[in-house]
Amino acid sequence: MTDDSVYFLLVDDLDENLLSLEALLRRDGLVLLKARSGPEALELLLKHEVALALLDVQMPGMDGFELAEFMRGNARTGRVPIIFLTAGSADRQRRFRGYEAGAVDFLHKPLEPDILRSKAQVFYELYLQRRQLARQRDELENYAGALKDADRRKDEFLAVLAHELRNPLAPIRYALEIVRMSPDGKITEEIRGMMDRQVTHLVRLIDDLLDVSRVSRGKIDLRRENVALQTALHAAIETSRPVIASGHHELTLDIPDAPLLLNADVTRLSQVVSNLLNNAAKYTSPGGKISLTVRREDGEVTIAVEDNGVGIPEAMLPKVFELFTQVEKGIERSRGGLGIGLALASQLVELHEGSISAESPGAGLGSTFTVRLPLLPQGALAAGIASEPRVEGSSLKVLIVDDNVSSAETTGRMLSMIGHETTLAFGGQEALEAARTFHPDVIMLDLGMPGMSGYDVCRELRRDPGFERTMLIAQTGWGQESDRRKTREAGFDHHLTKPVDLQELSRLLARVQVRA
């Protein structure tokens, strides 16, 4: 007998009649409940959900009609189909009483086996169909509930997103007014530092949103190479130092000197560790302690980030890597953030065939996040290890093309300040003319220009042998993988999203061989 069994109730005061009914109706998946009186039948009905009741009419005490009336008056049994079995005459008055009590049929004794089985089969299948419909209804209700919950979380997330975006925008706007009204150089320098931090925060929020979208849709493209883990760790530490320093936290590092080789995307791996360090800093009270510990263990490396911060309640531990889960918590709102950092870290670790886990003794007792990643064999050649490009001191000729005049001018001024010669163009045709007279080493092209797009300019330049060695860099607000694929197909060497990071741009420019 299983949970999917179907129950029939057989009621007759004679044992031989019950045995006969049992022999005729026995089949797999059907449980036959037998009762010799009305009260006994009512007890069984309280314990089991019945698909069909076969009731003898003539029984001492409570007869079949009275039992049927009791069943109809009860919410649990009121819809159970009833077939009356009678050895007497079924005159019009008796039939009327039977149907009034809820009967669906009358069968006369001695029973015809084929007729009984046929009618029983109908109610057996009807019950299975009703149960299936009930399950589908429950599934739809659960699904509707999940959709409602997702919609609620979406609304909450959008509200938090608006809050988080307004936070850095407000001081930036006020800072611009202060700079405009005050000629004080010291104040201007302080304002500049604040604005730089706020813009960096905005860029990080947008990048995290795009990364979560890409990973969730399976559109992220890992650029894997043999790399020393230490390279990613040092980059992550440098990225997170401002957040850690702002909280006056003590950061302890325990990282082996011997290279730990992985096949990984060093940028994404750095992002994982940076997210964990930032999370630790955010949820640790000022002056707290954070540690980063790395260990080699049986062909794997473990990266543990531990803090003595607010900790994680036991009920929340299974949910900390779910997207937007933390947005629902008041503490998340008070400390800032979109609640996507840990979800993104988890997804990126999984793409590296690794695992991530969270532990905490409880609220107020700190937490530990541990990443496990597969190592390359110790005999792997060090020649394959990625390294940072050497920054050359050569001055380059850079053509900057953007229909947004302010964007082009600020990019040109930035590159001029680090020693490069620049010229500007504000449209596609103007860019082609400038390229042929300026002979640049690098051309930075905006994509979405009216008339002749950046794609068109790139294709036109690539058809000219004179620009075969020229580095073409797409700089754009579009950063999806499909956008990067389009720029590669058009002939671009690199794709940078706005606002362009100066350090990343400098690394690209360092690879350029200056024309003789």
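Modeller: Two strands count as paired if DSSP finds at least two bridges between them, and strands (E, at least two residues) and helices (H or I, at least four) are DSSP runs numbered from the N terminus. The model is predicted, so local features need pLDDT of at least 70 and side-chain atom pairs count only at pLDDT 80 or more, whereas totals for chains, interfaces and linings use all residues. Residues are numbered from 1 along each chain as its sequence is written, and side-chain values use heavy atoms, with hydrogens and water left out.

Colleague: Which residue stands opposite Leu251 in S9?

Modeller: The residue opposite Leu251 is Ile290, and the two strands concerned, S7 (residues 250-254) and S9 (residues 289-297), run parallel over five bridges. S9 also pairs with S10 (residues 300-307), in this case in the antiparallel sense and over eight bridges, with Leu292 having Val305 of S10 as its bridge partner.

Colleague: How many residues lie between S9 and S10 in their hairpin?

Modeller: Two residues separate S9 from S10 in the hairpin, and Asp298 in the turn has a positive phi of about 45°.

Colleague: In what order do the five strands of the open sheet run?

Modeller: The order is S2-S1-S3-S4-S5, with parallel pairing. Strands S2 (30-35) and S5 (103-108) are the edges, and each has a single partner strand, so one side of each is without a neighbour in the sheet. From one strand to the next the twist averages 20°.

Colleague: Is Leu21 buried or exposed?

Modeller: Buried means under 20% relative accessible area, exposed over 50% and partly exposed in between, with a 1.4 Å probe and protein chains only. Leu21, found in helix H1 (residues 15-25), counts as buried because its relative accessibility is 4%. Apart from neighbours within four places in sequence, Leu21 is in contact (heavy atoms within 4.5 Å) with Leu10, Leu85, Leu111 and Leu116. The C-alpha atoms of Leu21 and Leu54 are 9.2 Å apart, although 33 residues lie along the chain from one to the other.

Colleague: At roughly what angle do the axes of H13 and H14 cross?

Modeller: Axes are lines fitted to C-alpha atoms, for helices over the stretch in contact, and angles run from 0 to 180 degrees between N-to-C directions. The axes of H13 (residues 454-462) and H14 (residues 481-490) come within 9 Å and cross at roughly 30°, which makes the two helices roughly parallel (under 35 degrees). H13 contributes Tyr455, Cys458, Arg459 and Arg462 to the contact, and H14 contributes Asp483, Lys486, Thr487 and Ala490. These residues divide into three nonpolar, one polar and four charged. Buried residues of H14 include Asp483, Thr487 and Ala490, and the helix is followed by Gly491, with a positive phi near 120°.

Colleague: What part of the 516 residues is buried?

Modeller: Buried residues make up 43% of the chain, which holds 15 helices and 17 strands. Of the contacts with a separation of 6 or more, 67% join residues 24 or more positions apart.

Terms used. Parallel < 35°, antiparallel > 145°, perpendicular 65-115°, else oblique. Nonpolar A, V, L, I, M, F, W, Y, C, P; charged D, E, K, R; others polar.
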